[in-house]
Number of protein chains: 2
Amino acid sequence: MYEEFLRRAIQLAAENVESGRGGPFGAVIVREGAVVAEGANHVTTQHDPTAHAEIVAIRAACAKLGTFELRGCSIFSSCEPCPMCLAAIYWARLDALYYAASKDDASAAGFDDSFLYAQIPLETSMRSLPTHRLLGEEGDRPFAIWRKSVSKIPY
Amino acid sequence: MYEEFLRRAIQLAAENVESGRGGPFGAVIVREGAVVAEGANHVTTQHDPTAHAEIVAIRAACAKLGTFELRGCSIFSSCEPCPMCLAAIYWARLDALYYAASKDDASAAGFDDSFLYAQIPLETSMRSLPTHRLLGEEGDRPFAIWRKSVSKIPY
C-alpha cells in the first residue's frame with residue numbers, strides 16, 4: 001500500500017514535467033488508506049516559489065478537510081522534501097513521511113536542496129543570504145499581545 | 001528606511017493578533033524603497049499551516065509582479081523566519097532579510113521555531129518525524145524526464 005501511494009507521487013512528478021506544468025516533483029497525502037489530496041510542483045506556471053509539491057498537497061488537504069493540521073495523515077513524496085517542505089510537514093503535524101528520490105538526487109538534477117540543507121543550520125552571519133537584525137525590543141511587542149490574548153487560537 | 005519597513009512588519013504582526021486573524025507575525029517585501037506586498041500569519045483562519053507571514057508576503061509579491069523570483073527585493077519580517085520561511089526566502093531569491101524578534105523569542109511565545117531549527121539538520125532516522133525511504137530507483141524517473149526535457153523552465 002505504501003508503494004502504491006509513493007508510485008502515484010512519482011507518476012504525478014513525471015506527468016508534471018511532461019505536461020509542462022512545473023518541476024519533477026509530486027506528493028500525495030493519505031488518511032486511513034485513502035488519498036486525501038495530491039500536489040505537484042507549480043512554481044513557474046503559478047508564479048509561486050512556495051508551490052512545491054508537498055506544500056501544494058498540504059494546502060489542498062487542509063482546504064478539503066477544513067483544518068490547519070493533518071494529524072492522522074501521512075505524506076508520500078516523489079523526492080526527499082527540501083527544508084521548506086520538511087518544515088511545512090512538521091507545522092502540518094503530519095504523522096509520517098515516505099519518499100523515493102533523495103535530496104542529493106534532486107541536487108544532481110539542478111535543484112538547491114542540498115545547498116539549503118547546508119545553509120539552514122548556519123549562524124545568520126555565515127549564510128549566503130545577507131541578514132540583519134534590528135529593533136529587537138520592539139519586535140517582542142506582538143508576542144506580548146499574543147501572550148495576553150484570551151481569544152487566540154494556538155497552532 | 002530599514003527601520004520604517006520593519007516597524008510596518010511589527011505593526012502588521014500586532015494588528016493580526018488584535019483582529020483575531022492569526023499568529024503574531026508580519027512581513028513586508030520591498031523593492032527600490034517601496035513596499036511591493038505585505039503579509040501576516042493566517043494559519044488558523046485560512047486553514048493553511050503554510051500561511052506564515054513571510055510565505056503570504058512572498059506569494060502576494062510574486063502574484064503582483066507576475067514572477068516566480070524576487071531578485072532585487074528584500075523582506076522585512078517581525079520575527080526571525082522559521083526554517084520553512086527561511087528556505088522560501090532562498091527559493092524566492094530575495095536579496096536580503098531584515099528581522100526584529102529572534103527565533104528564541106518565538107519559541108518563548110509557544111512556537112516551534114527553535115525545535116524545527118534543531119530537527120532539520122538531523123539524519124532522517126534521528127528526527128521526531130517518522131521517515132521512510134522506498135522505491136529509490138523509481139524515484140529518479142521524473143528527474144530523468146526533466147533532464148531530457150527541452151521545454152522545461154528551470155527555477
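**Group meeting: a predicted two-chain model**

Leaving aside neighbours within four places in sequence, B:Ala106 is in contact with A:Phe143, B:Phe25, B:Cys79, B:Phe111 and B:Asp113. B:Ala106 belongs to helix α4 of chain B, residues 103-108. Its relative accessible area is 0%, and B:Ala106 is therefore buried. From B:Ala106 to B:Pro81 the sequence separation is 25 residues, while the C-alpha atoms are 9.5 Å apart in space.

I turn now to the relation between the two chains. In general, two copies of a chain are related by a rotation about an axis and a shift along it. Here, chain B is superposed on chain A by a rotation of 180 degrees with 0.0 Å of shift along the axis, and the RMSD is 0.0 Å. The two copies are thus related as by a two-fold rotation axis. Which C-alpha of chain B is nearest the axis? It is that of B:Met84, at 2.0 Å from the axis. Both copies use the same surface, since 99% of the contact residues of chain B recur in chain A.

B:Met84 is also part of a helix pair, for it is one of the residues of α3(B) that meet α3(A). Two packed helices are described by the angle between their axes and the distance between the axes. For helix α3 of chain A, residues 83-91, and α3(B), the angle is about 150 degrees and the axes are 7 Å apart. An angle over 145 degrees counts as roughly antiparallel, and α3(A) and α3(B) are therefore roughly antiparallel to each other. Their crossing is left-handed. On the chain A side, the residues that meet the partner helix are A:Pro83, A:Met84, A:Ala87, A:Ala88 and A:Trp91. On the chain B side they are B:Pro83, B:Met84, B:Ala87, B:Ala88 and B:Trp91.

Next, some loop residues. A:Gly22 sits in the loop between α1 (2-18) and β1 (26-31) of chain A. Is A:Gly22 buried or exposed? With a relative accessible area of 9%, A:Gly22 is buried. Beyond its neighbours within four places in sequence, A:Gly22 is in contact with A:Asn16, A:Val17, A:Asn41, A:Thr44 and B:Trp146. A:His42 lies in the loop between β2 (34-40) and α2 (53-65) of chain A. A:His42 is buried as well, at 16% relative accessible area. Residues up to four places away aside, A:His42 touches A:Asn16, A:Arg21, A:His47 and A:Ala51.

Finally, two backbone angles. The phi of A:Leu135 is near 55 degrees, a positive value in a residue other than glycine. A:Leu135 is in the loop between β5 (131-133) and α6 (141-148) of chain A, and it is buried at 14% relative accessible area. In chain B, the phi of B:Arg93 is near 60 degrees, again positive in a residue other than glycine. B:Arg93 occupies the loop between α3 (83-91) and β4 (96-101) of chain B. Its relative accessibility is 18%, and B:Arg93 therefore counts as buried.

Technical notes
Residues numbered from 1 in each chain as written. Chains lettered and ligands numbered in written order. Predicted model: local features only at pLDDT ≥ 70, side-chain atom pairs only at ≥ 80, totals over all residues. Heavy atoms only, no water. Least-squares fit on C-alpha atoms with pLDDT ≥ 70 in both. Contact = heavy atoms within 4.5 Å. Helix = DSSP H or I, 4+ residues; strand = E, 2+ residues; numbered from the N terminus. Buried < 20%, exposed > 50% of the residue type's maximum accessible area, 1.4 Å probe, protein only. Axes fitted to C-alpha atoms, helices over the stretch in contact; angles between N-to-C directions. Parallel < 35°, antiparallel > 145°, perpendicular 65-115°, else oblique. Left-handed = near helix turned anticlockwise from the far one by under 90°.
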